[in-house]
Amino acid sequence: MKYIILFCALLFASITGYSQNLVVSEGAQSKRASQPGADVSKMLDGDNSTIYHSKWDTNAIPDTVDFYFYNVKSINELRYMPRPAGTNGIWQSVDVYYTTIDDPQTFIKKGATQSWANDNTLKTFNFAASPIAKPAIIRLVISNATDNFSSCAEIKFYSSETGNLYSDVTCDLGSHTLSDPDIKVLASSATANTANGDGLASYSIDNDRNTMYHSRYSPSKFEVSPSNPAILTYNFTNNPTIDYLVYYPRLIGDNGNFGEVEVLYKLNGQTTFTSLLTNNIAFRSAPSIITFPSTLQNVVAIQIIVKTGAGGFASCSEMMFYKKQNFDNSISGGIFNDDLYTALKPGTTQAQVDAISNSFFKAMANCMMASTYNYRYRTQEYQPHGIVKTLAAKNKTAPYSEFENPTGIYFDSGSEVIIFVGPQAASHSISLKVADLTVHGAYVINSYYLKPGFNSVSITTGGLGYIDYFTDNVSATPVKINIASGKINGVFDVTKDSPADWMWMAHNTVHPKIDLVGKYISLLYDKDLLKKYNPTDIRPLISLYDSVVNIQFQQMGFGKYNIMPKNRMFAIAHHTGGLYAGGVGMHFDYSWGEENYVSVQGILNKDDGDNIWGVAHELGHYNQLRPSLKWIGMTEVTNNIYSTYAQFTMGPSKYVNIRYERENEGGVIGGSYRNYFNDAIISKKNFAAQSSVRGNSISFWQLQLYYQFAGALRGAPTFEERISGAKPAPTNGDADYAMWLGDMMQVQRGRNDTGVSNGQHALNYVKDACDAVKEDLTDYFLKIGLLKAIDTTIVDYTSQTYKITQSDVDATIASIKAKNYPAPVSPVIYYLSAHSLNAFKNKLLADGIYKQGVVESNNQLTISHSDWKNVVVYEIYDTADKLLEISIAGMGGTTNMQTILSYPANADYVWAVSYDGSKKLVYARSAVLPVALISFDAKLVANAAELKWSTSSEKNNKKFELYSSTDGVDFTKIAEIVGNGTKETPTNYQYLDKSFKQSAYYKLVQIDFNGTTTSYDKEVRFVKGLDNRADFDPS
């Protein structure tokens, strides 16, 4: 009887779950928005009185909720506790899916659909007969819930197993004494031919890196150059033997970091110095080891001739000299398979390990025997990368990452680190960089030189480790290094690592940050936030950043010209500091929104895509060609070449608009364009005098739209078609319109900018753009104000002069005209926006019926796009034919379904402008239509000037008068042409000026029957004659 009772008790315990162990979920995410204060975390807070609830104004069904797990052996039951009162959102039909740690991307359905009652009682799904082993994600898909809401008080998961899936086994080599055998040779004194104040040469041998030698910079600068080098002489007593020297640059800043140096020596008994070698240290901020081609014995003095230095200076915190001693390999027991001690020889026995006398090598061998020596991170091959500043100077960008080759290892302050280095360190300067970048504004970075073979490094300040292997030869052999010390933190490489690797790294607690390595960018972000938004796979986030950088590289022409840099860009984030580009790289601020930088959806879709703009904007700062596209005033402008493209092709309003078209500026959606038009077109301000940075940026955006998306209206490939390989580059020397930016930048990279002024850079850009597209864009640049004389001072982080003379403008225009480029298909590129891209690309004319689909109310016009199609801009005139305002189609709203125009009391005529410049009357307060000039053109034909003009409608038009001028100032009437009175259909006019001989300007004047005269002074046309004189802007 007692056995039956015991059996029943055990059975009851099993059924009721008393033997179950609660499994804690790492977190949860729902694909539906939650009601404020009722987010998904409420399901896991252990409090039945708080609930998750979908947004009250949204249909939440189906709802998908993911729960994340790591280091869990298995799960065999889940329990759903509905809200304690009420029924809204109670789950009634639920499907369960799961993924595993081994394959966190593949979802498998678990059991049948769960049907639960619409009440407040606990619901349970038990699958003890077939537990989920090594779960990564458990997904609940709710297909039926009360009133189409979704709610939950608590979700709990259980397992019959205890303990963790993984045990944290690490190899700890402990504290060992293993000293560097090389002997430091002390210089007895040091002198220099130039020094500044207290910056004497002796400070370079005082064994204190906080002091330094520095060449003279006050009261006058000693300009270091090959013809005027800084010369440092180090004297020795006792005639030592020296094999190599180590140059330590200054700790802070880089002025004076050595570039090209020559090393000379003088031996005992010699009276003159003998040249030993030359070396290019390349202004590196890391220590550089210079190995002598042969051992020097009986040394009296070493002389360093510094031929180039950063900023034209020379500086040195320490200069150290060494005699090399061979490392005693016998202490390792002879059981390792190579000189770097990367593995044990096959067949090594425990007895052989136990026989090693040296405690360090015995400990390392024991770790290898126990398979706890982490070969993934401790024994790696590190790649060479281009010298950062050399690459930046070549490509005219800011310097890219100084944090290549992350080791994935953290080094404690005060620790002794043992590192074995391959032979490449004999011919290249290779060093260990230890960086503490945890606290914004308090970075500590130290570098330690590495020589071939054994290295013992004393770490001064703890941090993550990186191998500096920067060289002019990026094809050099990778260096193999065995880092036997330090703690494994991990580094995720998108080309090597898996989601399972990521889950391990995300849960590693050695250091709060982790290095993420993409193909084109490296990120140093916080694990907790990365894990929160990317719990099972970090690759999509890295790939997104990679895509942004790759597109910028392609826009710059790196791909087309086969100069893609091996070096990556670098970004770091903290909970403070703001967004900026500079210092160690791009900086992002979590306090501006965590999702904005660590979540793919947050970057792409949150805040109307302004986050993808922000990421591309800061990266773009580094990729502004300087100074060719970064003349004064352009700091916050030309980096938007990259952010406009990124937002347009990747943001939530993909291929519809960007912030310029939909952002509220000056109280108007699309106001950026209004301001741009007012400054450039109506007020005719110089480009540099226009009021808005965004207005300046719009001009670059328009050329991108026209050539990269609209195919120059010639059916040319788009930028995406070109870089994807879908369509080839043009042949026969035709313009590669889609790649115009890259073609232009390639020319600018090869230009010597020495002595070029800000104004000349702007004019060079005008010429370079015309050359890239092989079209005459002078009318466009005249319209936007770049081809206007100016002499001013611009404050753009710094204050500089910006000057363009009229003769500069004339010369620029003449040089472009001399190339006989055709005009672009559209004469109104300056009106182009994302909203009118389709009309431009497909050459669609504005179409609508006068006053139809137009509503006037409260000094505004609302124009329906169902009635008015393919409009580029709307021009608003007063009764005196004065242009009051220009608005892009879709202005005033975010849907591009209507346009809302300002229509004040003095406004009258509203014209819809087409891609070809033709106009159609939309609305007018006047009862009769005005004379509307569509076009006025003049060209040379058979030694005569052919003049053509067109009107779309006419009111009381008596006649036209034609005037000519040789200087654009004084005009003489040459002809009268009868008008058509009042007419609502288009009319074409033509006149041939056979008296034309030399270059001339032509102007059109219209006269009403009542004598009212309209002179089209803004439409003056120039025809080049036999004198071949260049045009200028007579306005």
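# Guided tour: rings, a buried helix and backbone exceptions

Begin by selecting Phe360, a residue that is buried, at a relative accessible area of 2% (buried: under 20% relative accessible area; exposed: over 50%; partly exposed: in between; 1.4 Å probe, protein chains only). The model is predicted, with local features requiring pLDDT of at least 70 and side-chain atom pairs pLDDT 80 or more, while totals for chains, interfaces and linings use all residues. Residue numbers run from 1 along each chain as its sequence is written, and side-chain values use heavy atoms, leaving out hydrogens and water.

**Aromatic rings**

Colour the aromatic side chains: across the whole structure, a search finds 58 aromatic pairs (ring centres of Phe, Tyr and Trp, the last by its six-membered ring, within 6.5 Å; planes under 30 degrees apart are stacked, over 60 edge-to-face, the rest tilted). Select Phe236 and Phe321, whose rings pair edge-to-face with centres 5.1 Å apart and planes at 90°. Which parts of the chain does this pair link? Phe236 belongs to the loop between β17 (230-235) and β18 (242-248), whereas Phe321 is in strand β24 (residues 318-323); the pair links distant parts of the chain, 85 residues apart. Helices (H or I, at least four residues) and strands (E, at least two) are DSSP runs numbered from the N terminus. Phe236 and Phe321 are both buried.

Phe361 is buried, its relative accessible area being 0%. Now extend the selection to Phe327, Phe336, Tyr341, Phe420 and Phe454, which ring pairs link with Phe360 and Phe361 into a cluster.

**Charges over rings**

Select Tyr373 and Arg378. The charged end of Arg378 sits over the Tyr373 ring, 5.9 Å from the ring centre (criterion: NZ of Lys or CZ of Arg within 6 Å of the ring centre and within 35 degrees of the ring normal). A second stop is Phe403, where Lys433 lies over the ring face at 4.9 Å from the centre.

**Helix α17**

Select residues 740-749, helix α17.

**Cis peptide bonds**

Move to Ser218 and Pro219, which are joined by a cis peptide bond with omega about 0°. Pro219 is in the loop between β16 (213-214) and β17. Then go to Arg626: the peptide bond from this residue to Pro627 is cis as well, with omega near 5°. Pro627 is placed in the loop between α11 (610-622) and α12.

**Positive phi**

Asn148, although not a glycine, has a positive phi of about 60°, and it is found in the loop between β11 (135-145) and β12 (151-152). Asn405 likewise is not a glycine, yet has a positive phi of about 55°, and its place is in the loop between α5 and β27 (406-411). How accessible is Asn148? Asn148 counts as partly exposed, at 36% relative accessibility. Asn405 is buried, with a relative accessible area of 10%.
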